[in-house]
Amino acid sequence: TAPKNSNLIKSKKNKMSSLLVLPIDFTPSASDILCGRGNVFSNHEGNRYFGRIVRANLKEYRDAGSRPEKIRVVDDILQEIRASGVRFAKLDSETKRWYELNDVLAHQKIGHAIRDTIRLLKDKTKTATKGNTMKQSKLAKRKERPSALKLKIMLSHRPTHEKRPWTTFSE
């Protein structure tokens with residue numbers, strides 16, 4: 001297992017070396033997009049801005065017919081973000097240093113965010129549709145079933161000589 005662990009360490013070093021090290025006293029600004037999970041990251045102003053940009057470009061991404069067209073959409077988003085002076089910042093948990101993502105990693109992050117958003121929207125639509133279908137089928141069953149009052153009226157208007165289906169022959 002020793003070679004595997006050293007490869008993991010090397011790959012992490014290579015990944016981090018492709019990032020731009022930010023100054024040791026760096027503190028992310030409200031406009032920075034922070035890479036990470038959880039409320040601290042998702043509630044950060046820069047990440048909310050990022051979410052708005054992603055949602056604003058969903059239709060164009062979905063309408064893109066080919067992979068190169070989708071890549072162009074992601075490139076356009078990246079250029080818009082870079083032009084506004086926003087950067088993607090990532091905190092290395094080991095060194096406690098902030099790094100800025102290069103364009104390749106930022107491009108990947110944008111692509112993942114778009115696909116995740118599309119997936120989430122599909123899941124919400126499926127859940128909503130499934131819920132509506134269940135409600136509709138319950139309603140349909142209720143409409144099919146005669147109410148107790150209707151049943152009582154139907155039984156009271158039947159001729160007395162008519163054989164009841166629930167009685168046995170011995171009655």
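Reader: Which residues in H3 meet which residues in H5?

Author: This is a predicted model, by the way. From H3 you get Tyr-49, Phe-50 and Ile-53, and on the H5 side they meet Ile-77, Glu-80 and Ile-81.

Reader: How are the axes of H3 and H5 placed relative to each other?

Author: They come within 11 Å and cross at roughly 145 degrees. The crossing of H3 and H5 is right-handed.

Reader: What makes Phe-50 and Phe-88 an edge-to-face pair?

Author: Two numbers. The centres are 5.6 Å apart, and pairing asks for centres within 6.5 Å. The planes sit at 85 degrees, and over 60 counts as edge-to-face. Phe-50 is in helix H3 and Phe-88 in strand E3 (residues 88-91), so this pair ties together parts 38 residues apart in sequence. Both Phe-50 and Phe-88 are buried.

Reader: How many aromatic pairs turn up in the whole structure?

Author: The search finds 2 aromatic pairs. One of them is Phe-26 with Trp-98: ring centres 6.0 Å apart and planes at 65 degrees, so edge-to-face is the label. Phe-26 and Trp-98 are buried.

Reader: On to charges. Why is the contact between Glu-45 and Arg-48 called a salt bridge?

Author: Their side chains meet at 2.7 Å, N to O, and the rule is within 4 Å, so the name applies. Glu-45 and Arg-48 both lie in helix H3 (residues 45-56), 3 residues apart, about one turn of the helix.

Reader: Why does Glu-45 count as partly exposed?

Author: Its relative accessibility is 34%. Buried would be under 20% and exposed over 50%, so Glu-45 at 34% falls in between. Arg-48, at 37%, counts as partly exposed too.

Reader: How do you know that Glu-60 and Arg-72 form a salt bridge?

Author: The N to O distance is 3.6 Å, and the limit is within 4 Å, so the pair qualifies. The two link distant parts of the chain: Glu-60 is in helix H4 (residues 58-63), Arg-72 is in helix H5 (residues 67-83), and they are 12 residues apart. Glu-60 has 36% relative accessibility, which means partly exposed, and Arg-72 gets the label with 40%.

Reader: What makes Asp-103 and Arg-82 a salt bridge?

Author: The closest N and O atoms are 3.0 Å apart, against a cut-off of within 4 Å. Asp-103 lies in helix H6 (residues 103-144) and Arg-82 in H5, so the bridge ties together parts 21 residues apart in sequence. Asp-103 is partly exposed at 44%, and Arg-82 is partly exposed at 22%.

Reader: Which residues do salt bridges with shared partners join into one network?

Author: Glu-45, Arg-48 and Arg-52. For the whole structure, the salt bridge count is 9.

Technical notes: Residues are numbered from 1 along each chain as its sequence is written. This is a predicted model: local features need pLDDT of at least 70, side-chain atom pairs count only at pLDDT 80 or more; totals for chains, interfaces and linings use all residues. Side-chain values use heavy atoms; hydrogens and water are left out. Helices (H or I, at least four residues) and strands (E, at least two) are DSSP runs, numbered from the N terminus. Buried means under 20% relative accessible area, exposed over 50%, partly exposed in between (1.4 Å probe, protein chains only). Rings of Phe, Tyr and Trp (its six-membered ring) pair if their centres lie within 6.5 Å; planes under 30 degrees apart count as stacked, over 60 as edge-to-face and the rest as tilted. Axes are lines fitted to C-alpha atoms, for helices over the stretch in contact, and angles run from 0 to 180 degrees between N-to-C directions. A crossing is left-handed if the near helix is turned anticlockwise from the far one by less than a right angle, and right-handed if clockwise. Contact means heavy atoms within 4.5 Å.
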